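Please view the sequence and the model first.

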Amino acid sequence: MESSILDYVAQACMDLTEAIGSVESEAERDNLITNHIKKVSSAVTSIEDFKKNLEWVNVSEPISLSQHCTEKVVILDFWTYCCINCYHVLPDLEHIEKLHKVGNGLVVIGVHCAKFANEKNSANVLAAVQRYNIHHPVVNDADSCMWDALGIRCWPTLLILGPGNKPLFILTGEGHRQELVSYVGATLAYFGSRISVSELPICPAKHLKAKEEELLYFPSKIALNPFYRGRSEEAFLAISDTGHNRILLTDCSGIVLRIIGGPDAGFKDGKLNEAQFNSPQGVCWLSSNVLAVCDTNNHAVRAIHLDEGTVEILAGTGEQAAHGDLGGKCLGVQPLASPWDLLLYTTPDMDMSVRPLLPPPPPPPTAGQTVPDKDVEALEEVKEREKKDEKRRVLLIACAGSHQIWALFLDTTIWWKYKTYTEGTCACIAGSGAEAARNSAYPNTAAFAQPSGLTLRTGNNPEIFIADSESSSIRRLALATGQVSTLCGGDRNPLNLFAFGDIDDTGIDAKLQHPLGVAYCESSKTLYVADTYNHKIKKVEVGPQKVTSLNPTMIESTDPAKFNEPSGLSITQDGKYLYIADTNNHCIKILNLAKNVCQDFKVRLPDPKFTEPENLILYKNDLFVNRKCGNLIIYFNVSLDADIKNVQFTPGAPQNWLVCVRDENNKDVTLEDFDFISSSHKGTKLPGRVELKLKQRTDKFHYRLYLSFHTALCDSVAQNCFSHSFTIRSTILVRDSVKMVESYKITCKVNPVNRCDQKVPEQKP
């Protein structure tokens, strides 16, 4: 491989790191950094500018190093949005951007160089920028032109440029916040007089956000409640509304029952309406009233207690665990690294298979008979055996940040190799911490590559299936022995993390692209996979390891269902329906597995409780409309009572009216069930006319019509103007036997002084 301009910089940085390690005072360290800047800046040349015609985000025009940045200090962040290590660097960049603004001379530019084919698409890069709240400029270098020109070798790489776009420092991997602060601060100080304070054409990409009426924003994981019994106000589905930093609980129709957290990110326990999360991912029901949550950016697992109305930490400290930490501490004392998914596993103590059978218990003593000491010992042994046969609760956690599977032991448990973990202990149970796809009979020597989804297979040989996203494979971990193997996808070479594609086949001949979600069906022995970057749902027949794309259609239109980076799955207990977190489409979908048809699961807030408007006038005659898409025409006018001669309608002022139709459940269906022909459902002039037409044949029997007025009046005696509001209510009966076009005239005479004296003559032409 040819040497690049960065080889010299990299060697100088290694020498600097070694030298800094040998000094004690801050002044000596600063002097070493300054000498490094002098030496490197005099020895290197400027790097090439960005290629033309690249697509940018968060800017109003493309950024040019030579035009915009030649008198700036620049951090180039070479990243790809699938990478957990790149994800961990973002808080460091946010920190340095708060310390040094663009106007102070620092520019941060994200250079997105894709690993996966899906990541080359600019629309997906834009979505990632929005999801991760990145505010600095990002360029989509889809062909990795600058990566190749500079000889960049890994994600993430931070390259610090001085004035003239000369490379001064290079940092690879994550965890360099302190070096970043020191190097940038020293560079700005050294080149102080040469640094420009001019601004850049930065413009946040707000156009990518979900529509205002949509409740969800990048939902990532979901969990059906296995304890659901159909009771009122009982949660049916838990949703990680990741982009809004919150958890939603809905009923079976999608109506939101509770919102916990959001919209701002934070790390706060306490009452449900005060708790805060930061980009939550996996959710798991521990009981009907307790939900465990992967609070990913807080590097913690939290518990939502619905009965108590509180949120508390189960594990994690709020800070990322150090590399090589294998755990062993309890609950909120044990750090974690980006927990991404979790599941509850119950098991007897793991030494059951080798424990000798105990003799049967002796018969109970008769009245007056004493129990021999030998029988007492036998009874104690039986009690001890029953105690060991009890199920222990173990919360299994996919820690994407450390490439490991961890366990939080909710009960004292004898685990593999007869090791006892006391209640509350949190520890790594599989994965060396290296990023690879290495299989092994020994769990601690196996390796994962950003495990991001978990599902459980019970039975005589229980195991978990793992969506190992960066190896684009599905791995399996045997819970009786700890053996790790591959079910499908990936490559035989454990270090090849580029064996991705979109191929339906068997075992490793099948290819996936960065899968993030899995769900297992016990009855059909089928695993369902959210093949995230292929925008597909696939099934895996576990026995033959056969992978097949499902390719469902939408139930409403028969068009193909279009997923956009789906990342979470949950299957009903009967195995008939698969719920899908369609992340970049900001929605939840339901897949009927038998019919292979899909529909939206419409998550929505409950309709506000309806109260009848004040100043209500009842129109006693019913209105009729034909059930088969009939038309209803209403002519209406308002006049003033003859007794109040000094009051009149204000000339030129709007006389507002509004039509509202509600069904038997008090739901506003004005525009949902009716079309308005040649008119709107509201206006500003009197007299008025509206024509309603049923959009489709309905099974409803009646509606309530509310015709509301807000009139502008003047009093010539008092010489003032005022408004008067009132509403006429009538019933619309839906029948088969009436005319296809029914028309009515409603005239209302009002007395705005004596508001009780209001009459509605009833006429039907």
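## The disulfide and other cysteines

The torsion about the S-S bond of Cys-714 and Cys-721 is about 75°, so the disulfide is right-handed. This is a predicted model, in which local features need pLDDT of at least 70, side-chain atom pairs count only at pLDDT 80 or more, and totals for chains, interfaces and linings use all residues. Residues are numbered from 1 along each chain as its sequence is written, and side-chain values use heavy atoms, with hydrogens and water left out.

The structure holds one disulfide (a pair of cysteine sulfur atoms within 2.5 Å). In the bond between Cys-714 and Cys-721, the S to S distance is 2.5 Å. Cys-13 is in no disulfide, and its nearest cysteine sulfur, that of Cys-154, is 13 Å away. For Cys-521, the closest cysteine sulfur belongs to Cys-488 and lies 16 Å away, too far for a bond.

The table lists burial, where buried means under 20% relative accessible area, exposed over 50%, and partly exposed in between (1.4 Å probe, protein chains only).

| Residue | Relative accessibility | Class |
|---|---|---|
| Cys-714 | 15% | buried |
| Cys-721 | 54% | exposed |
| Cys-13 | 8% | buried |
| Cys-521 | 4% | buried |

## An open sheet

Four strands (DSSP E runs of at least two residues) form an open antiparallel sheet in the order S27-S28-S29-S30; strands pair if DSSP finds at least two bridges between them. Strands S27 (517-521) and S30 (546-549) stand at the edges with a single partner strand each, so one side of each is left without a neighbour in the sheet. Strand S29 (residues 536-541) pairs with S30 over four bridges, in the antiparallel sense. Lys-539 stands opposite Thr-548 in S30.
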